[in-house]
Amino acid sequence: MTDKAPDILHIYTDGACSGNPGPGGWGVLLCWNGHEKELSGGEAETTNNRMEMTAVIRALESVKKPAPIHLYTDSTYVKDGLERWIHGWKKRDWKTADKKPVKNKDLWQSLDALMQKHTVTLHWVKGHAGHPGNERADSLATTAIPRL
């Protein structure tokens with residue numbers, strides 16, 4: 001996969017679950033300056049949203065120095081959470097607008113801290129639509145699902 005801008009790190013993330021909840025996996029493809037790195041992992045009991053979020057967390061944790069990042073996800077939950085909802089949750093002490101606890105608070109707090117370290121531009125891509133980076137991340141996530 002060729003990067004369009006060599007100074008920008010392109011990250012493709014995806015999560016998958018066999019049942020929801022059930023065993024799940026996450027996958028990451030990092031592309032920078034003609035180099036690629038793949039990351040993946042899984043959990044025995046989780047949800048699809050947790051795997052989508054874990055993929056982004058593991059991707060950003062792997063970037064050791066502050067960098068401009070274009071992050072591609074097929075999860076509107078992750079994109080909307082980071083761009084729209086998280087600011088209100090933090091103001092309301094991690095409560096939703098109807099005063100209920102935010103689901104996946106632990107992962108949202110990790111994502112929030114990691115997003116502060118980099119300049120991240122989020123991009124939504126349609127899943128299972130032939131986007132090469134998303135397809136690779138999906139394959140990594142699916143392969144990482146524990147077979148119980």
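How much accessible surface does the protein have, and what share of it belongs to carbon and sulfur atoms? The accessible surface comes to about 7900 Å², and 52% of it belongs to carbon and sulfur atoms; areas come from the Shrake-Rupley method with a 1.4 Å probe, and for residues only the protein chains shown count as cover.

This is a predicted model, in which local features need pLDDT of at least 70 and side-chain atom pairs count only at pLDDT 80 or more, while totals for chains, interfaces and linings use all residues. Residues are numbered from 1 along each chain as its sequence is written, and side-chain values use heavy atoms, with hydrogens and water left out.

**Whole chain**

Start with a cartoon view. Four helices and five strands make up the secondary structure, in the order β-β-β-α-β-α-α-β-α along the sequence. Helices (H or I, at least four residues) and strands (E, at least two) are DSSP runs, numbered from the N terminus. The radius of gyration, 15 Å, is close to the 15 Å that the globule rule gives for 148 residues, so the protein is as compact as a globular protein of that length (C-alpha atoms; the rule is 2.2 Å times the number of residues to the power 0.38). Of the 148 residues, 49% are buried, meaning under 20% relative accessible area with a 1.4 Å probe, protein chains only.

**Leucine 60**

Select leucine 60, in helix H1 (residues 48-61). Leucine 60 is buried, with a relative accessible area of 1%. Show its contacts (heavy atoms within 4.5 Å): beyond four places in sequence, leucine 60 touches Ile11, Ile69, Leu71, Leu114, Met115, His118 and Val120. Isoleucine 11 lies 49 residues from leucine 60 in sequence, with 8.8 Å between their C-alpha atoms.

**Threonine 73**

Next, select threonine 73 in strand E4 (residues 68-73). Threonine 73 is buried, at 0% relative accessible area. Its contacts, leaving aside neighbours within four places in sequence, are Thr13, Glu52, Lys79, His123, Trp124 and Val125.

**The largest pocket**

Strands E2 (22-32) and E3 (35-46) each supply at least two lining residues.

How values were computed:
Buried < 20%, exposed > 50% of the residue type's maximum accessible area, 1.4 Å probe, protein only.
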